[in-house]
Amino acid sequence: MLKIIQKVGQLSFELPQRWLDRAFGNTLNPLRHLGALTIFFLWIVLISGIWITIFFHTSVVGAFESVEYMTVDQWYLGGVMRSLHRYASDAAIVTLVLHILKEFVFDRHRSVRWFSWVTGVPLLWLLIPLGITGYWLVWDQLALYVALVSSEMLDALPIFTDSMARNFLSADALSDRFFTLMAFTHIIGLPTFLIFAIWIHVFRINRPKINPPRKVMAGALLSMLTLSLVYPALSQGRANPALVPESLALDWYYLAIYPLLNYWPPATVWVLLIGFSLLICIAPWLPPARNPAVVKIDLENCNGCERCVEDCPFGAIEMAPRSDGKKYASEAVVDAALCLSCGICVGSCPTATPFRTRSALSPGIDLPDQSVATVRDMVTEATQGLEGSRRLVIFGCDGSNKPEKFIDTETAVVNLTCMAQLPPSFVDWVLSRDLADGVVLQGCAHNDCQYRLGAKWTEQRMHRQRDPRLRKRVDVEKLALLWSEPWSDFPNTAAAIAAFRDTLSAPYKISDHETSARVGIRKHRLRPFGAAFAWILFAAVSVVFTIWPRFSQLAEGNAIISLTFSHAGQRVEECRKLTQEELNKLPPNMRKPTDCPRERHPVDVLFSTDGNVLYEQSLLPSGFWKDGESTAYYRMELPAGSYELFIGMSDSGREEGFDYSSQTEFTLSEGQHVVVEFDNLQKTFIFR
Ligand code: HEM
Ligand code: SF4
Ligand code: SF4
């Protein structure tokens, strides 16, 4: 099942990736830099956020005004910064979702990669609340909705004794102190944790790609800037607790779960969120990946050159002081828990050369399941019996289109785990021993190596830019590097191989999109119009789900009544005056004249309209000793119209009747938000 889902997912990625390769060229395709692009968008968010903070007023009254000032009066700078802040946050979610999906469908989340995957989950739990608290700070109608629903969610957790949502029911209930706390959480708290969490997320990876190429950054920034100028981010009217707006432009990237609270209780939504996060966390073991044997060091052949440490994409090798008394300073040591058995280190080891015939072919580091000696045997066997003057040996790898389809009388195929598992000396060996007339290395597409750095190291080694280098004597006209998508690129791959084969027998003119008989083939160049179009499309996707579809909190023609108060029930037992005798028995510092048992009665509440009971609860006192206040909070939606409202409350534990009650005729108009409270001083109910 997992395999089918992954294959479908891979195809869904490959086609757009191929198209974007054509627009952006081989190395600038944004779909191949998703993690790094997410970080870049977060940089834009951070820098624009600093600007906004300078002009922002951290108060209930000042927040909305200050954001409006930036948006309207200072549109050319503050407004642009605000829009950049908003849209880059949304763009970060778009690239993040693609990043997660891509790691999943290309199976880059299991085995030793579980660490990167699992540490990604807290990033979601930081990034989404970061966006949510941001919307909160604008203090417009959307902010009010977000604040109310978020606090209803928090109220469902057994953390707070009082109801947090009560703070957002009337304009005077919200304090500046609370607002300052929110601003601190959004501006300092969550970003600090996020930066730390991103560092943990990538710290086990060798050379993580945390910055996209400059041209990709420029494209991303330009697209966000253009969007900010063409469609500036706006507020949605000053927050007014007495009115429910007809509809809101909900940012679905951050707030998609909020509408669920119209249908489900907050506890259910929490179960859903926590359950989903746990499911993501255990995904690397559903089912567990079957790990091939990890690489083994052969100290006899390890000279401590450190190339394997440099090249391992997963930081699985370290150098340690020499343990066998040889003259070299250090030796390579493999951490089996980090090794993915990709073999890239084998390709980097200077002792892994097929020319070794005098001694057994045992390099300093080797894959037990597909040793260098085995690969040499595979090549010898596969090339035996090749015919003609245009014989090819094609090396394929795990992530590439398995090239078996090309096997014929003039083509041999050898499949490796990763292309960089092949030491460059193999190319020399194949050609100098006349096992074939040409060599094709057919690896995963550019910047998308299944083992992160395999394609990059292979290119550099074959271009003689990185050790171990392809020897000078090798005629590069007889070597082709072919980086292609595994599934969807087959016709192009076939054409490229056929064209390369032709060059082995005839002079060939190099052109874009086709095979050149040089190291490094099938080059796409940046096409500015195609790239600009792709960025415009991206900007459109980033904005569209922040405004559409609009969300209505209320069904048409309805209004809201919120019932809310905190009230302490009477004590279960009356206070009693202690006798002198009892007082004498107590230590002097504990001689209080009265003994008041702390426990209080629950507060019973009943709320009805026209005789229909809408809310009936026995609210327990808060606190460990059951001596605190009981809190009522209930939001209900009713059709607009006139009602006979009744509310009764008893705090004395009486079985029948109410200690306090109120009955009143009330007319609810559409979109109105009425709050029913209890005034603890006047001991009466208030409707506002
Ligand atoms: C703010 C959010 C995130 C950012 C900025 C981010 C960024 C990155 C970066 C820069 C890399 C290194 C890419 C490379 O050099 O090959 C990476 C790797 C990875 N990320 Fe994320 N990531 C985020 C969230 C997530 C989440 C939520 C998940 C999954 C639940 C995830 C899964 C992975 C995996 C599995 C890798 C390892 C890829 C490999 O070993 O080839 N990331 N991420
Ligand atoms: S096989 Fe791959 S993951 Fe393992 S040590 Fe070598 S390069 Fe690193
Ligand atoms: S590349 Fe080979 S020789 Fe060099 S340290 Fe690693 S195992 Fe030893």
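Contact means heavy atoms within 4.5 Å, and helices are DSSP runs (H or I, at least four residues) numbered from the N terminus. This is a predicted model, so local features need pLDDT of at least 70, side-chain atom pairs count only at pLDDT 80 or more, and totals for chains, interfaces and linings use all residues. Residues are numbered from 1 along each chain as its sequence is written, ligands are numbered from 1 in the order in which they are written, and side-chain values use heavy atoms, with hydrogens and water left out.

**Exercise 1.** Find out which residues of α1 meet α17.

Step 1: Pick out helix α1 (residues 2-24) and helix α17 (residues 528-547).
Step 2: (Ala, Val, Leu, Ile, Met, Phe, Trp, Tyr, Cys and Pro count as nonpolar, Asp, Glu, Lys and Arg as charged, and the others, Gly among them, as polar.)

**Exercise 2.** Work out what coordinates the iron atom of ligand 1.

Step 1: Look for the donors (N, O and S atoms within 2.8 Å of the metal, or 3.2 Å for Na, K and Ca). H99 and H201 each coordinate the iron through NE2, at 2.0 to 2.1 Å.

**Exercise 3.** Sort the shell around ligand 2 by class.

Solution: Count eleven nonpolar, two polar and no charged residues.

**Exercise 4.** Do likewise for ligand 3.

Solution: Its shell has six nonpolar, three polar and one charged residues.

Methods:
Axes fitted to C-alpha atoms, helices over the stretch in contact; angles between N-to-C directions. Helix = DSSP H or I, 4+ residues; strand = E, 2+ residues; numbered from the N terminus.
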